[in-house]
Amino acid sequence: MIKIAYFPGCSLEGSSKEYNESLLAVSKEFEIQLEEVHDWNCCGATAAHNLNKVLSISLPARTLALAEKQGFSEILVPCAACYSRLLTAYNELNKDAALLEKVKEILEIDFSAKVKPFTVIDFIQKHIQPKLKEKVKKPLNAKIACYYGCLLVRPPKLVEVERYEDPLMMESIVKELGATPLDWAFKTECCGAGLSVSRTSTVGKLCSKILDDALSRGATMFAVACPMCQSNLDMRRRNANVFLNEKADAPVLFITQLIGLALGLDKKELGLQRHFVPFNLEIFDKPIPKETLGKSKKVEEV
Amino acid sequence: MSNFEPKIIAFVCNWCTYAGADLAGTSRIKYAPNVRIVRFPCTGRIDFMLLLKALQTGADGIIVSGCHPADCHYTAGNYHARRRWIIFKSLLDFVGFDTGRITFSWVSAAEGAKWAQIVNETVDKIRDLGPYTDYSNLNKLGVGTITEVLNARTA
Amino acid sequence: MSRIGVFICHCGENIGGTVDCEKVAETAAKYPGVAYSVDYKYMCSDPGQNMIKDAIKEHKLTGVVVAACSPRMHEPTFRKAVSEAGINPFLCEMANLREHCSWVHLKDDSTTEKAEELVKVLVEKVKRNQPLEPIKVPVTKTALVLGGGIAGIQAALDIANSGHKVIMIEKSPSIGGHMSQLSETFPTLDCSQCILTPRMVEVAQHPNITLYTYAELVGLDGFIGNFQASIKLKAKSIDHDICNGCGDCIAKCPIKKIPDEFNAGLGTRTAVYVPFPQAVPNKPVIDRENCTYFTRDGKCGLCAKVCTKGAIDYSQKDEIITIDVGAVVVATGFDIKGTDFFPEYGYGRYKDVITGLQFERLASASGPTLGEIKRPSDGKVPQNIVFIACAGSRDPAKGIEYCSKICCMYTAKHAMLYKHKVHQGKASVFYMDIRAGGKMYEEFVRRAIEEDDVNYIRGRVSRIYEKNGKLIVKGVDTLLDAYPVEIEADMVVLATAGIANEGSEELAQSLHISYDQHNFFAEAHPKLKPVETNTAGIMLAGACQSPKDIPDSVSQASGAAVKVAALFSKDELTRDPLIAYVNRCGPPTYSTCVGCFLCVSVCPYLAIEKEQIKDRNGNLIKEVAKINPGLCQGCGTCVALCRSKSIDIYGYSHSQVFAEVMALFNERSLENV
Amino acid sequence: MQELHNKIKSILENGSASLFIAYQKSREGKITPTFITKPEQSQKAYFGDDCKQNLAVYIHKQEVKNFGKVGIFANIYTLKSLLQIYAENQIRDDYLKVVTINPNGAIVEFANFMEIENYVNENKPAPNPEDMERVEKLSNLSREERWDYWLNELSTCIKCYACRAACPMCYCTKCTVDCNQPQWISTPSHSLGNIEWHIMRAMHLAGRCVECNECARVCPMDIPLNLLTVKLNDTANIEFGQQAGLKGELDYALSTFKVDDKENFIR
């Protein structure tokens with residue numbers, strides 16, 4: 001049993017409960033115990049860093065400090081916004097000794113800021129993917145648009161992902177689940193997360209472009225690894241459909257849910273009933289479209 | 001201690017670091033005035049005895065800097081210097097010199113900013129460490145006063 | 001007893017504004033051995049130099065310290081002045097009060113104090129300087145020109161026309177360089193090849209020029225006036241003495257799908273090929289990496305069968321030749337970033353996103369489309385074309401902070417050429433700033449905007465993606481209050497950054513010249529020595545130093561040629577005598593050198609030899625080291641290695657550097673010698 | 001022992017050497033060098049485990065050189081020294097006749113330095129564990145403790161230069177310590193001059209010292225001088241894979257380099 005420190009953040013306790021459920025279910029299958037950092041607190045997204053740098057570092061730093069005190073050297077952060085905040089804090093504290101001293105004083109915790117945050121994608125690549133192929137029971141018959149959004153892969157100086165404008169990590173994961181990853185253009189476009197509550201029509205417009213590009217290229221569903229991405233593409237689907245000629249009904253699943261399905265886990269265990277755009281297992285029975293409207297496929301054949 | 005200003009001597013090669021320091025000047029990059037540059041044709045020319053002499057005269061810190069590997073104007077002087085420094089540093093460490101006071105660096109003719117940074121960081125570091133008297137005091141004390149040095153340390 | 005004169009320069013406000021020069025002069029006057037000390041506004045001016053000369057005579061000075069700018073700037077000036085007053089030029093040293101002091105510190109007592117100490121150190125040094133005579137070395141009056149682009153061609157012709165021999169080497173099978181790939185040139189829109197090819201032919205036919213194409217420099221030894229260049233002549237597999245350039249072999253070659261370098265990958269070529277119709281020499285070579293005969297063990301051999309002259313020679317081997325040359329002009333040119341460098345523009349996977357160089361080939365009458373603007377994916381004429389300037393350049397996030405200089409102009413030219421060829425088409429240019437400094441340049445850009453109706457949008461492009469057969473260019477128009485702009489384009493041209501050639505770092509290392517952080521070769525001084533390098537006898541021409549347009553490259557090449565011609569105008573040249581030597585003394589020791597010869601292998605110039613000291617009867621007394629003054633370059637590595645300090649070096653002698661170090665921080669050690 | 005006497009006798013008789021340098025044991029049991037010029041004196045020679053002195057040092061003496069061809073009885077460290085100074089161009093093959101006793105007690109006579117090189121590499125002495133332990137122990141002290149330790153030790157130096165005189169590697173005709181223009185090393189035997197001298201000595205021996213420990217044995221003040229060179233030899237071996245006294249060709253850590261030599265302190 002591997003033990004890994006885990007920071008769910010607010011989304012995974014609320015709007016994206018199913019992300020939490022599916023992540024825990026999948027981890028269990030691979031004999032990994034995710035241990036929530038005791039007494040964790042808000043990461044400070046999205047407003048704090050615009051207003052007060054020390055506060056914006058101190059909030060996530062407290063969680064890093066607690067994880068360190070609880071004996072961990074790295075911490076799994078499923079939410080992309082949390083990840084961005086924790087990673088920023090980790091980097092700033094490690095390059096600025098004076099800031100670390102200040103934050104130690106504020107938190108009244110003595111720590112070295114050596115606990116490094118990592119994403120669910122990193123987690124899957126390191127702990128799940130090596131043993132994934134042999135465990136897949138029900139290969140997924142789907143053409144999946146892997147959508148990364150902004151903070152999982154950016155800013156490049158902070159996150160250090162190769163091909164940050166066209167990442168391919170989730171593509172390689174869904175391929176091992178038996179699905180066909182989609183080659184498309186909007187993987188890292190903005191979904192409008194910051195305006196999700198205040199300006200739903202703007203979010204709808206932004207999401208409609210993402211949906212349109214993927215669906216016109218033949219996607220049957222979406223894979224995401226960020227609660228905001230999921231919420232906007234799923235919960236704000238109605239707002240997005242306003243801008244589309246044809247209503248989009250492709251479901252938006254967390255990458256962990258897709259893995260769970262391929263492992264043969266129960267729909268409910270994976271929280272699949274919680275989505276706004278309904279998900280039915282029949283989706284895998286439909287033939288996946290070969291021709292795509294997009295031009296890129298054709299170009300490659302020339 | 002607060003008004004202690006470190007005395008830093010820099011042994012630099014003519015082609016890279018001296019020119020890099022010139023570039024820092026041409027670019028008007030400001031750095032601490034504590035450093036005194038002594039020019040050598042090449043890092044290969046820098047005699048290890050000169051480092052001892054510098055400490056003897058009261059330098060609190062030393063910078064030794066030349067061309068990056070592969071960039072030596074004379075092809076290989078810096079490679080020979082590198083080996084010499086590896087051995088010399090090993091010896092100084094073993095005898096108990098404070099080798100943290102010696103900054104070894106590669107600064108090219110294009111790295112004016114790096115030169116300024118090396119100087120500033122060395123000055124800051126030495127300012128924190130305080131004056132280096134372990135060695136220069138030996139000079140002042142002379143014959144038979146070793147016990148005084150030891151007593152001064154324990155006091 | 002020394003009588004040192006100290007001359008403190010204010011350099012106007014440059015030093016005087018930060019350092020209390022008067023005080024420095026006063027303090028210096030008190031140093032032991034200083035006979036005269038004075039400060040003056042501009043020491044390098046005529047009155048300033050005269051002050052030094054007069055003082056030398058009046059005060060019978062035995063040495064001079066000029067405390068002014070970097071010795072790398074004015075050391076020759078002051079050494080000359082000193083020698084005009086009758087003392088040896090090597091008795092003059094400079095303290096660097098400007099670059100190393102006033103320009104990098106604030107106005108403060110500590111800065112003045114530093115200036116005083118820098119002067120003190122140099123006073124201690126100069127007291128121990130010895131009069132030296134420059135070393136005279138013969139000059140080989142042959143120049144080596146590396147690279148056969150427009151810069152190399154110009155330099156070679158200028159040197160050859162001044163009566164000196166030139167060896168030109170070019171790594172590809174033909175000279176011509178990037179200029180031969182261009183369609184028309186700004187700001188006159190005259191055909192690039194039409195003005196270039198006569199020059200190429202002139203090079204080939206010039207009695208003073210020896211041309212080696214398909215050749216690379218593998219090593220350069222020696223020093224100014226006396227270099228030995230090792231050149232690899234790659235096997236052409238065709239005997240050019242026999243070949244008449246009929247082209248039958250090219251027509252028959254079955255390997256036809258090799259991406260064509262000359263067409264920037266937009267066309268294909270055969271394995272036996274001439275890069276382009278006007279190539280010089282206009283005879284083919286066999287590209288062994290792609291030729292079946294070489295990749296599959298002697299299969300094929302068609303070209304040998306069709307060659308009526310019997311010129312094909314598969315057994316040819318690479319050959320290394322060594323040539324003595326007196327000077328080198330480096331004109332190896334530049335490269336451009338490929339479209340794959342840009343994640344946001346699709347990592348190079350969209351066929352219709354091309355580089356500016358590829359557009360040149362599309363627009364060129366000799367190009368793959370015979371001058372028609374057709375897009376690579378399907379050969380259609382693009383009706384809506386977008387040009388993106390500063391693709392990579394001026395972008396610290398991409399690691400390229402500099403301006404590539406030529407893109408503004410060629411982008412305007414491209415847009416213009418497009419509009420001239422596709423009258424109803426729409427052309428847009430995304431730009432950051434328009435940099436059109438140059439004769440008739442600004443007017444040229446205005447013509448593109450005003451007469452040819454090119455849509456200039458001030459803003460960057462954040463993404464290009466493909467949709468429904470169109471390239472969607474997402475950008476921003478910053479002049480419209482940062483309003484987002486989307487253009488559905490048929491083709492996009494990136495003015496990608498000009499970069500140093502691959503391997504330029506290694507080339508610089510083998511030439512022993514400096515290069516900057518972007519691997520462009522470094523000039524000796526950014527303003528006053530823009531064509532020389534830090535290594536005497538090696539000059540720079542063209543874009544290998546930084547991105548340049550044709551007129552700039554040609555000007556610099558002519559400048560380099562003049563430097564070479566000036567060097568070749570004398571039969572001998574003099575060089576600084578700052579070299580190492582092994583001491584000699586009377587019997588019975590003859591030298592403190594014990595002949596361990598540990599120094600031999602540290603010398604990169606193989607300058608350390610063994611010398612036998614014999615008695616009158618010819619019996620060997622001892623064997624000691626000897627340094628060949630012709631080979632020694634004065635690095636001093638052997639000096640620091642020698643345990644018994646039997647090797648010393650002029651200019652940085654044991655006693656000089658020792659005194660310099662001891663002078664710092666240590667009042668007591670000063671003595672007048 | 002008789003065999004050794006016979007060997008020396010025959011070498012002197014057949015003219016392959018006119019002087020033979022060996023050990024002798026006095027009545028008090030003291031081991032000293034002896035210089036045998038007549039075959040009949042051969043029985044003066046002695047050999048045992050107590051013969052530690054490095055006889056190679058005498059090869060440099062003008063008085064010895066005057067004899068022309070010289071024979072020498074060499075223990076393993078003397079052999080290493082001879083090999084090192086041969087590599088450093090100080091002796092010639094044809095002027096030296098070298099004899100040793102191998103671990104089985106048999107006399108070995110070397111025809112040339114190639115044979116010495118092979119022998120030394122086959123019988124390479126292990127580093128002295130005691131010395132290594134002391135170096136290790138010192139290295140583990142704090143910097144201040146090390147400084148105090150060496151200051152304490154080196155302050156007792158009386159600058160008698162016995163260490164220099166006993167070392168076969170210190171063969172310079174004019175040592176830098178004797179140089180007074182400039183005065184590289186302070187003359188009086190106070191702490192500064194002492195440290196300067198010993199640092200310079202160690203640097204000059206780094207990668208050349210064969211670890212015979214003669215310097216420490218001859219030191220009248222019992223300063224463990226050999227630890228300095230043992231430490232630097234260790235560094236040269238770890239960093240550059242170079243060891244002294246094993247090759248007949250020059251292999252000196254500080255006169256060669258590798259482009260990818262590693263260090264962790266240059267910025």
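Reader: Is D:Glu211 buried or exposed, and how many C-beta neighbours does D:Glu211 have inside 10 Å?

Author: This is a predicted model, and burial is read from it by counting neighbours, with 20 or more other C-beta atoms within 10 Å making a residue buried and 12 or fewer making it exposed. D:Glu211 has 20 C-beta neighbours inside 10 Å and therefore counts as buried. D:Glu211 sits in the loop between α8 (191-205) and α9 (214-218) of chain D, and its phi is positive, about 65 degrees, although D:Glu211 is not a glycine.

Reader: Where does A:Glu108 lie, and is A:Glu108 buried or exposed?

Author: A:Glu108 is found in the loop between α5 (97-107) and β4 (116-118) of chain A, where its phi is positive at about 55 degrees although A:Glu108 is not a glycine. Because A:Glu108 has 8 C-beta neighbours inside 10 Å, it counts as exposed.

Reader: How should I read a residue in a strand, and which residues is D:Phe110 in contact with, leaving aside its neighbours within four places in sequence?

Author: One can begin with the place of the residue and then turn to its surroundings. D:Phe110 belongs to strand β5 (residues 107-110) of chain D, and it is buried, because 20 other C-beta atoms lie within 10 Å. Leaving aside neighbours within four places in sequence, D:Phe110 is in contact with D:Val98, D:Glu115, D:Ile116 and D:Tyr119. The C-alpha atoms of D:Phe110 and D:Thr100, which are 10 residues apart along the chain, are separated by 8.4 Å.

Reader: What do the buried residues of α9(A) pack against?

Author: For a helix, one can look at its span, then at its buried residues, and then at their partners. Helix α9 of chain A (residues 200-216) has 17 residues and reaches 23 Å from its first C-alpha to its last, close to the 24 Å expected at 1.5 Å a residue. Its buried residues include A:Val203, A:Leu206, A:Ile210 and A:Leu215. The buried residues of this helix pack against β5 (143-147), β7 (221-224), α10 (227-234) and α11 (237-241) of chain A, together with β24 (461-467) of chain C. After α9(A) comes A:Gly218, whose phi is positive, near 100 degrees.

Note on methods:
Residues are numbered from 1 along each chain as its sequence is written. Chains are lettered from A and ligands numbered from 1 in the order in which they are written. This is a predicted model: local features need pLDDT of at least 70, side-chain atom pairs count only at pLDDT 80 or more; totals for chains, interfaces and linings use all residues. Helices (H or I, at least four residues) and strands (E, at least two) are DSSP runs, numbered from the N terminus. Two residues are in contact if their C-beta atoms, placed from the backbone, lie within 7 Å. The expected span of a helix is 1.5 Å times one less than its number of residues.
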